[in-house]
Every structure is written in C-alpha cells, then in structure tokens.
Amino acid sequence: MVSDFDHFAKQLDALDRSSRRRRLTPRQSDGMTFVQSGNRLHNFGSNDYLGLASVQSSSPIPRPGATASALVCGWTDAHQRLADQIAELESTEAATVFPTGYAACSGVVATLPAAGDLILSDQLNHASLIDGCRLSPAQRVVYPHRDVAFVEQTLRQKRSQFDHIWIVTDGVFSMDGHIAPLAELCDVADRYDARMIVDEAHGTGVLGDNGSGVCEALGVKSRVPIRIGTLSKAIGAQGGFVAGPTVVMDYLINRCRSLIYSTALAPGSVQAALDAMESIRNEPWRRQRAHDLSLRLRNALGGSTSSIDTSSVESMVPIIPLVIGSDRDTVAAADRLAEAGFFVPAIRPPTVPENTARLRISLSAAHTDDALDQLISLLV
C-alpha cells in the first residue's frame, strides 16, 4: 500500500531539499538534561518553566509533564518504544503517538485528505472524525450508517472528479456496539482506488486473536493502510496513536497540527500504555473474559438489545445499548439503576439520534459474575 501514498513522499522530499523536514528524535531525559545520540545536552527547549517536571515526587506515580511538543524535546525513548510496539501489534511499518485519541482522529482526517480529494464518512462516526472532516480542505459526503451500496454508488458517479478518495469509518461504533462492514468497504476501495482510514478506538485490545482490533478480527489488516486508536480505553492509559506506512507517519509528523502543536503524551501515560501492551500480549484471557460476559449479557437480554448474531465478531463487542427512546424515560431508568447500586449512563441526543436515547452498558474483564447477575436481574 505504500505506493498509494507517493504524493506524500514527494512532499516530504521537497521538505528535505529545503531543510524543513522534521523528525521525531527519542531522548532519554533526567530533568533539565537529556541524552540524545549518546551526547548529554542541557535542555533549553522545554516549557517546564518552574522546574516542576524534574522534581522528584514522593509518590510512585511519575510527574505528569512531557514539557514540550514531540518535535521539540517531548519525544523520549519510551515514546519511541511505545510507537514501535503499536506498529508491531498493528502489523504496520510505523506508528506515532498523540496526546489524546481525539487529537489523533481529528488530526489525521484533517491532514491527509487534501484539496481536490473526497472524504466518505459514516453518518455515525465519532465526533473526532467528524471534526477532522470539517477541518479538511477536501470535499466530503456523509453516507448512511454502514451503507456500502451508497458508498459504491457515490464513487461510481464521482470518482473521476477527485484526486484521492478516503473512506473514513469507526471500526466499532461506540454507542451501538456495531461493527463497520470493513471487508465490503475494502472491496469498494479496491475497485475505485480509494484509501481506508479506520478508527480502532473500541477494538484495540478487545478484538482479534492478538488484540489489535476489528481489522484483525475481520481479516482486513493488510487492506486498511491507516488505523487510528486510543490508549485510554482497553489500554487503560491516556493518549492516541496512528499506525500505517512510514511515509504516512512522516507526513503527519511534518503536517499534522494536533501533533506538532501539542505537548507530547505525558511520560506516566506512556509507561502505563507500555505495561498494558505487555498485558495484551501475555494475558489473552482478559479479552476472552470480556467476550464471554458480552455474550452472556446479550443472551440474557435477548430482544431488548439491537439484533446481533451471537456467533459473529460483533457479539464480542463489550458495548451493549438498551434503546429506550425518550430522554426522560432513559434518565429515569438510569436513576433507578443508580439507586440499586449500578451506574449505567443515560446517552441522549446529540450524542445519539433523536428519539433513540439509551442506556449504554460497558463490560469489563474485571466485572464479577455476581455483579453481572445482579445487573441482569434489574434489567430483565
């Protein structure tokens, strides 16, 4: 898929010739000095104006500050290790780390599609992807939720009018627990020379034999060149990432404003994510436990949830919505559960469409059987 991004390589070559190309440089920091390429340097580039990031805390939790953007001096050896491990998990050439998942999603979609391109975006995509579409100079078409036929019809009519086509979708839709029809979208992308961007925020760590997400679970990892994810959900830390071809990562490092102009991900979050990556590799029982609880709750609720084939990958998603409809009734249901000792959030418009307010149940491998049994008894 690297050849699909030759236009990025040409722009990067132009930056090289003008001495304007930027690269992330890993540094090993110990306060106001750091080691770079074997040399110890006094750090006069950070924004640690009061020196608090270098003060030793009595707490075992490290000081939170990265002190500067990744391109200035906020990118450490640990950041690079995390990026390398993400690339390995995602089976991509490279990855880079953002301070938040929102910054990753909005930044990638705002940066990669250019003027003269077309973005096709699922109607129920996360707000961060939607905001990225709005910031992009590309034209955009919002297609009905999971409507592959609409996508193909649009491309049949419009493909010749645009330089590049970008199909942007969540992998798992967080308010419904739905999975995008990625294999079918990849087929359309192949027929019309389009590029897929998939947000794996709710799939990373949860789906796939190795826990890399819905693209792995559906067997399309090699067909989705750019995948975005978060470190704040199953990974349990904070931050976001993008994985893909090296040329795309280099282009983002040089052009993506939400990466270039944000302070780098905090060291404590980096370490927490590294620890979680080890758990994803070595403790597959955690995602199996989440799958089992999801299937158990879906079976118990039966027709109360959206119809999902319990033998499908979708049944493994630990997000189960109970659509009630009325905002008032949904809030009342959430209040009754809270009185019984259970927090189940009431999700209302504009997060979800009008008249589809719902209880959104999120399951975790850490939930006990007893707690789930009690919740089921309150819901059925």
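Colleague: Which backbone nitrogen does the side chain of S136 reach?
Modeller: That of A138, at 3.0 Å. A polar contact here is a pair of N or O atoms within 3.5 Å; within protein, one must be able to donate a hydrogen and the other to accept it, and residues adjacent in sequence count only if both atoms are side-chain atoms. Keep in mind that this is a predicted model: local features need pLDDT of at least 70, side-chain atom pairs count only at pLDDT 80 or more, and totals for chains, interfaces and linings use all residues. Side-chain values use heavy atoms, with hydrogens and water left out, and residues are numbered from 1 along each chain as its sequence is written.

Colleague: What lies 3.1 Å from a polar atom of the S136 side chain?
Modeller: The backbone oxygen of P113.

Colleague: OK, and where is S136 found?
Modeller: In the loop between α5 (127-135) and β6 (139-143). Helices (H or I, at least four residues) and strands (E, at least two) are DSSP runs, numbered from the N terminus.

Colleague: Is S136 buried or exposed?
Modeller: S136 counts as buried because its relative accessibility is 6%. Buried means under 20% relative accessible area, exposed over 50%, and partly exposed in between (1.4 Å probe, protein chains only).

Colleague: Which residues does S136 touch?
Modeller: Leaving out residues up to four places away in sequence, S136 touches V109, A110, P113 and I119. Contact means heavy atoms within 4.5 Å.

Colleague: Switching to cysteines, how many disulfides are there?
Modeller: The count comes to 0, with a disulfide taken as a pair of cysteine sulfur atoms within 2.5 Å. C133 is in none, and the nearest cysteine sulfur, that of C105, is 10 Å away. C186 is in none either; its nearest cysteine sulfur belongs to C215, 7.1 Å away.

Colleague: Why do you call C133 buried?
Modeller: Because C133 has 3% relative accessibility. C186 is buried too, at 1%.

Colleague: Now β12, how many of its residues are buried?
Modeller: 5 of its 5, across residues 240-244. G240, V242 and G244 point one way, while F241 and A243 point the other way.

Colleague: Which strands does β12 pair with?
Modeller: Strand β4 (residues 94-98) runs antiparallel to β12 and is joined to it by 5 bridges. Strand β11 (residues 226-230) also pairs with β12 in the antiparallel sense, over 4 bridges. Two strands pair if DSSP finds at least two bridges between them.
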